[in-house]
Amino acid sequence: MTKNQEKKDTTPKKKETTWEFVRSLIFLIGIVVVVKLFVCDIFFIPSGSMEQTLHGHPENGDRIFCTKLNYLWSDPDRWEVFVFKFPYEQTPQGEASAYKGEHFIKRCVGLPGESIALIGGDVFAIPPSATNRSPESAQRLVKPDSIQQTIWLPVYNEDFTDLKFEELKYFWDISEESDNAITLQDNSLQTFAASPDVTLSFKPHTRFGELTGIPDRYVRRQVIEFACPVIGCNGRIRKTVSNPKMTARCPKCGEYLQESDVINYDFRTGYPANYQQTFEKVSVVADPQYRGEWWHFVPDLAFTGNCTFKQADSTLECSIISDDTEYRAVFSPTTTRVFKDSKLLGEFTTQITPGTKAKLQFYHLDGQLRGYIDNSELFDLKVDPDHLSPNIIAPQKTNITLTLHHGLTLSDIAIARDIYYYSYQDSRSFFNLPNDGYMALGDNCPSSNDSRFWGPVPQKNLVGTALFIWWPLHALKLLF
């Protein structure tokens, strides 16, 4: 066989191989398109409207995985994070909308046919089947605990590592007679059996001064990029800093970071761009009337801490305060008692061995009090009205206090707050949803462009459910 014959014989095989490659490529692209259109998709979070659930940034925002299959046979569930296409061509003022056709991501709060009111930070709903549609018939909605755990917004965290007493007093009011009763050692706060009772009252801070409550626009300075000064350590991670005067610690080696180590800061707040100019004219801290237009004090709070009772009669008393109402849980090794003001709501048996560490949690949430020991539910009590009433108002004072009695060790304590939902009109009016419309709200309520402004999301505009954050890896988490 000649060389020309060999070339002639192999040419058709090369053409066939090339066509097989092109055909496979077309088939693969077709599969990707079908999957992207009908099965799942990946989206990028460019803004902060869903903080702290989702971190948004024009370049470095979270990447989420969204499934579209479930909407083929089911509808969105309340409280789930969902993706939809912006439905409106015009703004409520009649101007051309800049968002038409763009993908939005929010939390589904209102379902088709419901009437929704946002009062006192909570959500009230009149179902479409209700025959009595007066405002008093609206029922307070309660978030499931599985959802709530993804919603809690951090206010304060302390692991007591190398903590100085002056730093502790920056965040907590401590009586002078209690100073000598507290010892900071072994990454914990300790009191002793012979010590007098120690009471710590949390002090919320903002850039504008100390407040009488924990606001929904709580300032959390966030170190988003830093260079650890320790040789051989390259720790880089998001780190929330509650105190504007203090920096963070490296999560890899624990070294304190100085201002010179920080490459980039960000502020996770709900303040508008012109807040500084506005606050120069009016003192929001001193003027309650003006303050109400800018922030609200959150009554739905959570305390978490690891506690070691040193003896059988040791107790930890945790109080969540909303104006003149005090919700109180008194934990001891054998019994936990729960109060609303002076009224005993319940007494629950606990089994904690003195000298062993137990994780304690106490929540005031959606009109209920919840308590947990080592992540197991101890009580769930309804303490506020089920239905909307004129008595439900925005509180002017909220706080958390701790009282340590007869010797305790506290470590890894944290305070968190719930989302405070409200209408910018600050009225008790209802959002009436059509039979095919959903109410979409952002978790960062003070800084969210959502259904409060442009209306419900039609069924036809739904895209899918956000399942989890897949990038960056250190932010990996489920969203349901």
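In this predicted model, strand β20 (residues 325-331) has 5 of its 7 residues buried, so the strand is largely enclosed by the rest of the structure. Strand β20 pairs with β19 (residues 315-322) through 7 bridges, and the two run antiparallel. Within this pairing, Cys318 has Ala329 in β20 as its bridge partner. The hairpin of β19 and β20 has 2 residues between the strands, and Asp323 takes a positive phi near 55 degrees there.

Strand β20 is also joined to β21 (residues 335-340), by 5 bridges and again in antiparallel fashion. Here Val330 stands opposite Arg337 in β21. The hairpin that connects β20 to β21 passes through 3 residues.

Strands of a sheet pair through backbone hydrogen bonds, and the pairing may be parallel or antiparallel. Another part of the model shows an open sheet of 4 strands in the order β7-β6-β5-β28, with antiparallel pairing. Strands β7 (139-140) and β28 (431-432) stand at the edges with a single partner strand each, so one side of each has no neighbour in the sheet. Strand β6 (residues 122-126) is joined to β7 by 2 bridges, and Phe124 stands opposite Arg140 in β7.

The accessibility of individual residues is set out next.

| Residue | Relative accessible area | Class |
|---|---|---|
| Cys66 | 0% | buried |
| Cys445 | 2% | buried |
| Asn187 | 42% | partly exposed |
| Leu473 | 59% | exposed |

How many disulfides does the structure hold? The number is 0. Cys66 counts as buried because its relative accessibility of 0% falls under 20%, and Cys445, at 2%, counts as buried as well.

Asn187 lies in the loop between β10 (183-185) and β11 (188-190). Leaving aside residues up to four places away in sequence, Asn187 touches Asp159, Phe160, Thr161, Asp162 and Ser411. Asn187 and Thr409 are 222 residues apart in sequence, while their C-alpha atoms are 9.9 Å apart in space.

On the surface, a nonpolar patch is formed by Ile42, Trp470, Trp471, Leu473 and Leu476, which together have about 520 Å² of accessible area. One of its members, Leu473, is found in the loop between β31 (462-471) and β32 (477-478). Leu473 counts as exposed because its relative accessible area of 59% is over 50%.

Definitions and conventions:
Residues are numbered from 1 along each chain as its sequence is written. This is a predicted model: local features need pLDDT of at least 70, side-chain atom pairs count only at pLDDT 80 or more; totals for chains, interfaces and linings use all residues. Side-chain values use heavy atoms; hydrogens and water are left out. Two strands pair if DSSP finds at least two bridges between them. A disulfide is a pair of cysteine sulfur atoms within 2.5 Å. Buried means under 20% relative accessible area, exposed over 50%, partly exposed in between (1.4 Å probe, protein chains only). Patches are made of residues with over 30% relative accessible area and no salt bridge: like charges are joined within 9 Å, nonpolar side chains (Val, Leu, Ile, Met, Phe, Trp, Tyr) within 5 Å. Accessible areas come from the Shrake-Rupley method with a 1.4 Å probe; for residues, only the protein chains shown count as cover. A salt bridge is a side-chain nitrogen of Lys or Arg within 4 Å of a carboxyl oxygen of Asp or Glu. Contact means heavy atoms within 4.5 Å.
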